[in-house]
Amino acid sequence: MAQGNNKGNANTNKPAAAQAGAWYKKWWIWLIAAVVVAGIVIGCVFAFSGGSGEQKKTDPKVIETTVAETTTAPQTTKATAAATTAPKKPSIDEIVEQGFKKVGIVKLHNHINDYKGVKIITAVTVRDLGEQTVYATVDKDSKTLAFYKFELADKNEFKDAKKGEVIAVYGTVSPQGNVGGTVQIQDCHIAAVGDEAKDFLKSLDDEQPTVPTTAPVTTHPTTAPVTTAPATTAPATTAPAPTKAPETTAPATKPTEPPVEPTTIDIGTKTIYSENGVVVTLQGMLIDQSYVKFDIHIDNQSGKQLYVGAKDSSVNGKTIDLIAFELMEIGEEKDSGMFLLSSDLKDAGIDRINSMRFKLILEDPNDWDNPIISDEISLEF
């Protein structure tokens with residue numbers, strides 16, 4: 001029995017000894033574990049801080065590269081844009097440096113023989129506009145001494161030309177010079193408009209207009225466009241009287257009488273257009289040494305401000321510009337005119353106007369893209 005008890009006691013003591021010697025109860029094991037964990041934590045912190053540090057070092061490089069790329073691109077774009085826009089509109093000084101001579105239109109008119117075939121730059125007040133032409137005049141004492149016909153190389157430049165405005169224009173004077181009182185400037189471009197053109201006009205060394213009307217009157221008679229229509233008046237006024245008397249007694253006054261009192265032809269009164277609130281009435285025809293004028297009366301009851309012009313014009317079946325460009329205010333009614341240049345008639349070989357065809361064009365300054373164009377107007381003489 002005693003042995004059995006001893007055995008039982010022995011068996012019960014073994015688990016207690018085992019529990020007393022368990023590993024997790026040994027303090028040094030926990031110390032080692034703590035050291036290991038601390039090392040792992042420190043290592044992770046170091047690794048993380050080192051990685052983020054590298055990222056911080058590389059990120060600025062990426063940002064700097066991006067900024068550098070974005071700052072250089074717009075500079076290139078601006079340079080390209082400047083390069084493409086600058087040559088389109090040379091300055092007046094640059095045009096002069098290209099060999100264009102500065103001259104006023106009056107001086108050009110007074111000394112036209114010195115400027116035949118010469119490249120010139122001048123400033124004018126726009127009087128009328130044709131299909132691709134700007135017209136100006138030399139006037140004195142309410143009389144027109146000469147027409148200027150600036151033939152634009154690019155019709156898109158018309159957006160810069162408005163009736164009554166000053167523009168600077170450059171081109172080449174026709175080798176023929178003054179033909180029938182008209183000076184043609186070929187291959188023209190508009191150099192400036194508005195204040196810049198006005199300043200340039202003031203800077204020009206111009207002259208007072210002289211009246212060299214004897215040559216146009218003798219070489220290109222006022223009756224040339226309509227030799228047969230005024231059968232009773234034209235030969236009587238131009239052939240006998242002005243040929244002998246001015247040469248001997250009064251060369252200063254007699255030759256200027258035809259432009260002062262041009263020949264008037266009675267062609268009756270006829271309404272040539274009456275639509276869209278606009279009525280245009282033809283009232284007569286007038287012959288001057290430089291042009292043929294058809295007197296018209298315009299009544300604008302359209303409720304809009306309108307520019308009244310002409311297009312697709314022909315005389316005796318030959319295409320010739322008809323100058324008719326008038327600004328009509330709302331409700332305005334006034335006399336005006338449509339002009340054929342004598343030089344154009346002469347170049348076309350027309351000595352007598354038998355017929356004329358054209359269309360009226362009505363343009364609203366607030367809606368340029370939608371003009372009103374009339375049916376063809378036909379006139380027989």
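K149 is buried, at 8% relative accessibility. This residue forms a salt bridge with D344, with the closest N and O atoms 3.1 Å apart. The model is a predicted one.

**Salt bridges**

- The count comes to five salt bridges.
- The D344–K149 pair has its closest N and O atoms 3.1 Å apart. It links distant parts of the chain, with D344 in helix α10 and K149 in strand β5 (residues 143–152), 195 residues apart.
- D344 is buried because its relative accessible area, 9%, falls under the 20% cut-off.
- E380 pairs with R357, and their closest N and O atoms are 2.8 Å apart. E380 lies in strand β18 and R357 in strand β16, so this bridge ties together parts 23 residues apart in sequence.
- E380 is exposed, at 54% relative accessibility. R357 is partly exposed, at 24%.
- D295 forms a salt bridge with K293, the closest N and O atoms being 3.4 Å apart. K293 is partly exposed, at 22% relative accessibility.
- Side chains of opposite charge can pair when their charged atoms come close.

**Helix α10**

- S342 is found in helix α10, which covers residues 342–347.
- S342 counts as buried, at 1% relative accessibility.
- The S342 side chain reaches the backbone nitrogen of Y291 at 3.2 Å.

**Nonpolar cores**

- The largest nonpolar core has 32 residues. F294, L340 and F358 have the most contacts inside this core.
- Several strands each supply at least two residues of this core, among them β9 (270–275), β11 (291–300), β15 (333–341) and β16 (355–364).
- The largest share, five residues, comes from β10.
- F294 touches residues including I267, L282, M285, M338, L340, I353, M356 and F381, leaving aside residues up to four places away in sequence.
- A second, separate core has 28 residues, including I105, V118, A146 and F150.
- In soluble globular proteins, nonpolar side chains tend to be buried together.

**Strand β2**

- Strand β2 spans residues 119–125, and five of its seven residues are buried, so the strand is largely enclosed by the rest of the structure.
- Strand β1 (residues 101–102) runs parallel to β2, and two bridges join them. K102 has I121 in β2 as its bridge partner.
- From β1 the chain passes through helix α4 (residues 105–110) to reach β2. This β-α-β crossover is right-handed.

Technical notes:
Residues are numbered from 1 along each chain as its sequence is written. This is a predicted model: local features need pLDDT of at least 70, side-chain atom pairs count only at pLDDT 80 or more; totals for chains, interfaces and linings use all residues. Side-chain values use heavy atoms; hydrogens and water are left out. A nonpolar core is a set of buried Ala, Val, Leu, Ile, Met, Phe, Trp, Tyr and Cys residues joined through side-chain atoms within 4.5 Å. Buried means under 20% relative accessible area, exposed over 50%, partly exposed in between (1.4 Å probe, protein chains only). Helices (H or I, at least four residues) and strands (E, at least two) are DSSP runs, numbered from the N terminus. Contact means heavy atoms within 4.5 Å. A polar contact is a pair of N or O atoms within 3.5 Å; within protein, one must be able to donate a hydrogen and the other to accept it, and residues adjacent in sequence count only if both atoms are side-chain atoms. Two strands pair if DSSP finds at least two bridges between them. A crossover is right-handed if, with the strands pointing away from the viewer, the path from the first strand over the helix to the second runs clockwise. A salt bridge is a side-chain nitrogen of Lys or Arg within 4 Å of a carboxyl oxygen of Asp or Glu.
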